[in-house]
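Here is a short report for a reader meeting this structure for the first time. Please keep the sequence and the 3D view at hand while reading.

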Amino acid sequence: MIEFADVVASRGERPVLRGVSLSVANGEVVALVGRSGSGKTTLLRLVNRMLHADSGDVRVGDRNVAAWDETELRRQTGYVIQDVGLFPHFTVADNIAIVPRLLDWDVARVAARVDELLTLVGLNPAEYRLRWPDQLSGGQRQRVGLARALAADPPVLLMDEPFGALDPITRAELHHEFKILQARLPRTVLLVTHDLAEAFALAGRIAVLHDGRVAAIGTADELQRSEDPHVKKLVETRFG
Amino acid sequence: MSALLAFYAANQAEVLARLGEHIVLVAVSIAIAAAIGIPLGIFAARQPALARPLIGLANLAQTIPSLALFGFLIPLPFIGGIGTRTALVALTLYAVLPIVRTTVSGLQGVDRAVLECAAAMGMTRRQVLRQVELPLAAPAILAGIRVATVVSVGTATIASAIGAGGLGDYIFRGLSMVDPIVILAGALPAALLALAADGLLALAGRAVDRRKGSRPLRLALATLAVVAIAAGGWLYRANPAAAITVGSKNFTEQVILGELLALTIERHTSLTVQRRLNLGGLLVSDEALRSGDVDVYVEYTGTALTALFNEPIGTPATVSERVRTLYASRGITMLPSLGFNNTFAILVRADAARAEKLAAISDLARVAPQWKAGFGYEFLERPDGFKGLAAAYGLRFAEPPRVMDLNLIYRALSAGEIDVTAGDATNGLIQSLGLAILADDRDYFPPYDAVPVINTATLLRYPELDRAIRTLVGRISATDMQRMNYAVDGQRRAAKDVAREFLDTIR
């Protein structure tokens, strides 16, 4: 479970979040949508303490994030970003194995987990295990990035535009994979996207951020019926 | 080419020892520079506010000409003096900059998304550094080490000037003898060493690359590097520990005198002798003598009085006694003159002297306004040098005198690039190049009697030294010296052979 209570945060001198309250239940997928600069990414990064709130309460599980050991917290939260950030000097298998190795899993268990995850994200292990990141297409890299984030089975998944740079067909495929994964083993997911269709397709609830505040939150249906001007504008530009 | 091979064949052991010294100088200084530079680079990359002044500082070290840096280091305690230690300090200072710079840029070049993910996966800073940043920056860091190494192979040749040995010995010796074979004997292996080090480090670059490197390559390379450095170390060790170190300044006559001293000590005593010939000029040699890095070398009384002790010349007859007293107060014993006075000779081309009817320096004032003068650095600076001379004889030249290397000055005069210079009265080239000495008719120059100066403590420890060196006192005439100088400068013979033959004649 992730919970934000009246969170205020700034980047340098610039206030970004002006009092956000939001909670994500266990196994729930919540999408954060909004224009650039609305604070989506900042909110996400407060969860794994890549950033710190000025005030307010950010909780993961039963504790405030500040009460967590930072390393422990980060190993409990998978992190997927648009640029993927695969280690260029690690093979696909080694990239996926990073967190399991940090956790001192034995060799056989790591190898088995790598193959399992590659299969899960739709890549043939025999073919891809020993590839280097620069030998992969953009979509393949995103799949490996997702597999890496899932490697040690973190209960929480933080995703920042994970499918942003992909062509529509690959994106649809990955949406499909994601939904299968989530159906098989539901995780608590916070998904940042600027694409409302993606949010509608993947998330149970969608939070619309505007100017550092949650302008609206609800299911896809609820948002489409919303009278809030920011939400209406967002829905209209997307679905015309 | 065959002359070069013959030189190597004749000097095999010495060449290998110099090569060993060179490899050790470079390897050790690069190792130290990497041990300092990489952590410093990591630190600087983490503290961008400090990175700029740090790199500025390292840049500053780089801009100091190498010879000047060696000069600055000589008087410093602990890291200074002459010899290997100082050379290592200087070479390290030069090598640190490229390593720091490429470490910083290598670390700053690591993809931010990669670093963000590494941190978000719960890697500690240490883990990020060791598993992500350093491996990704390694090619850049290695490129820095590669540049530093190649530069260091070149700079290490200059270390010879402060007695650290290495292949520069041949280059300096060759320069002072104007012998291209000897220069080449040092320059060629130095160039090959630079190429070899460059190639080796290029291979190392492949080896540290996780993609291209293979285990056997890494192993082979590590073995090769260890063998090369060990070989250098072994060759270096082959230099025996010496009881007595003989020094000399960096021109032909001094090298011959150094050989004469060394051979004489070897013949008359059972002491082992180390030659540190071809040190820098007066100040380097004096510093070496006082610090004990050198036990004995030959100085000239007039030079010591004016340029070292900064005293006025006074009466020529008292110069010798005055210098002996001044040296004694510094713990240095001055032995009696070897027999010749190597005064400054004001030189012109013999045909020009005839045409203009010049016999003495006072005749020079007449033609000076149309003539060009060129002098060695030392002559322009020293109190018994150009300024005093110009004042004493009322000399005014067409343009300010050119500064030239002492070793090139005779040829420049002979070739007509300059019309007047100051050389050594005993220089062998005066005759062979058709030059004429103008008489010092106003007694401007003090006597420059060649006197062995020796560390008094050493002399007390080895009294046999005194007896040995005294066998040379009064035995070398100006003509003898001129002949020996010519044998080396004009006939391209080895200083050691010339010295040995001379010693045989005075037995």
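## Overall build of chain B

This is a predicted model. Chain B holds 24 helices and ten strands. Its C-alpha trace spans about 90 × 55 × 50 Å along the principal axes.

Chain B has 507 residues, and buried residues make up 47% of them.

## Nonpolar cores

The largest nonpolar core has 186 residues. Ala31(A), Leu32(A), Leu190(A) and Leu191(A) have the most contacts inside it. What does Leu190(A) touch, leaving out residues up to four places away in sequence? Its partners are Ile2(A), Val24(A), Val30(A), Leu32(A), Leu44(A), Val47(A) and Leu158(A).

A second, separate core has 31 residues. Among them are Leu347(B), Phe397(B), Leu413(B) and Ile430(B).

## Where the chains meet

Chain A puts 17 residues into the contact, and chain B puts in 16 residues.

## Helices 2 and 7 of chain B

Helix 2 (residues 12-46) of chain B crosses helix 7 (residues 125-155) of chain B at roughly 145°. Their axes come within 10 Å. The crossing is right-handed. Helix 2 of chain B brings Val26(B), Ser29(B), Ile30(B), Ala33(B), Ala34(B) and Ile38(B) to the contact. Helix 7 of chain B brings Ile141(B), Ile145(B), Ala148(B), Thr149(B), Ser152(B) and Val153(B). By class, the residues of this contact are nine nonpolar, three polar and no charged.

His22(B) also sits in helix 2 of chain B. Is His22(B) buried or exposed? His22(B) counts as buried, because 29 C-beta neighbours lie inside 10 Å and the cut-off for burial is 20 or more. Setting aside neighbours within four places in sequence, His22(B) is in contact with Ala156(B), Gly166(B), Leu167(B), Ala190(B) and Leu193(B). From His22(B) to Gly280(B), the C-alpha to C-alpha distance is 18 Å, and the two are 258 residues apart in sequence.

## Helices 23 and 24 of chain B

Helix 23 (residues 478-489) of chain B packs with helix 24 (residues 495-505) of chain B at an angle of about 150°. The axes are 9 Å apart. This crossing is right-handed. Asp480(B), Met484(B), Ala487(B) and Val488(B) of helix 23 of chain B make the contact with Ala495(B), Val498(B) and Phe502(B) of helix 24 of chain B. The residues of this contact divide into six nonpolar, no polar and one charged.

Helix 23 of chain B has twelve residues. From first C-alpha to last it reaches 16 Å, close to the 16 Å expected at 1.5 Å a residue. Its buried residues are Met481(B), Gln482(B), Met484(B), Asn485(B), Tyr486(B), Ala487(B), Val488(B) and Asp489(B).

Helix 3 (residues 48-63) of chain B has 16 residues, which should span 22 Å at 1.5 Å a residue. Its end C-alpha atoms are 23 Å apart, which agrees. Why does helix 3 of chain B lie largely in the open? The number of buried residues is one of its 16, so helix 3 of chain B lies largely in the open.

Ile64(B) lies in the loop between helix 3 and helix 4 (66-73) of chain B. Ile64(B) counts as partly exposed, with 15 C-beta neighbours inside 10 Å. Ile64(B) and Ala450(B) are 34 Å apart in space, C-alpha to C-alpha, and 386 residues apart in sequence.

## Two loop residues with positive phi

Asp104(A) is not a glycine, yet its phi is positive at about 65°. It lies in the loop between helix 4 and helix 5 (107-120) of chain A. Asp104(A) is exposed, with 7 other C-beta atoms within 10 Å.

Asp443(B) has a positive phi near 50°, again in a residue other than glycine. Its loop runs between strand 9 (435-438) and strand 10 (450-455) of chain B. Asp443(B) is exposed, with 9 other C-beta atoms within 10 Å.

Definitions and conventions:
Residues are numbered from 1 along each chain as its sequence is written. Chains are lettered from A and ligands numbered from 1 in the order in which they are written. This is a predicted model: local features need pLDDT of at least 70, side-chain atom pairs count only at pLDDT 80 or more; totals for chains, interfaces and linings use all residues. Helices (H or I, at least four residues) and strands (E, at least two) are DSSP runs, numbered from the N terminus. The expected span of a helix is 1.5 Å times one less than its number of residues. A residue is buried if 20 or more other C-beta atoms lie within 10 Å of its own, exposed if 12 or fewer, and partly exposed in between; C-beta atoms are placed from the backbone. A nonpolar core is a set of buried Ala, Val, Leu, Ile, Met, Phe, Trp, Tyr and Cys residues joined through C-beta atoms within 7 Å. Two residues are in contact if their C-beta atoms, placed from the backbone, lie within 7 Å. Axes are lines fitted to C-alpha atoms, for helices over the stretch in contact, and angles run from 0 to 180 degrees between N-to-C directions. A crossing is left-handed if the near helix is turned anticlockwise from the far one by less than a right angle, and right-handed if clockwise. Ala, Val, Leu, Ile, Met, Phe, Trp, Tyr, Cys and Pro count as nonpolar, Asp, Glu, Lys and Arg as charged, and the others, Gly among them, as polar.
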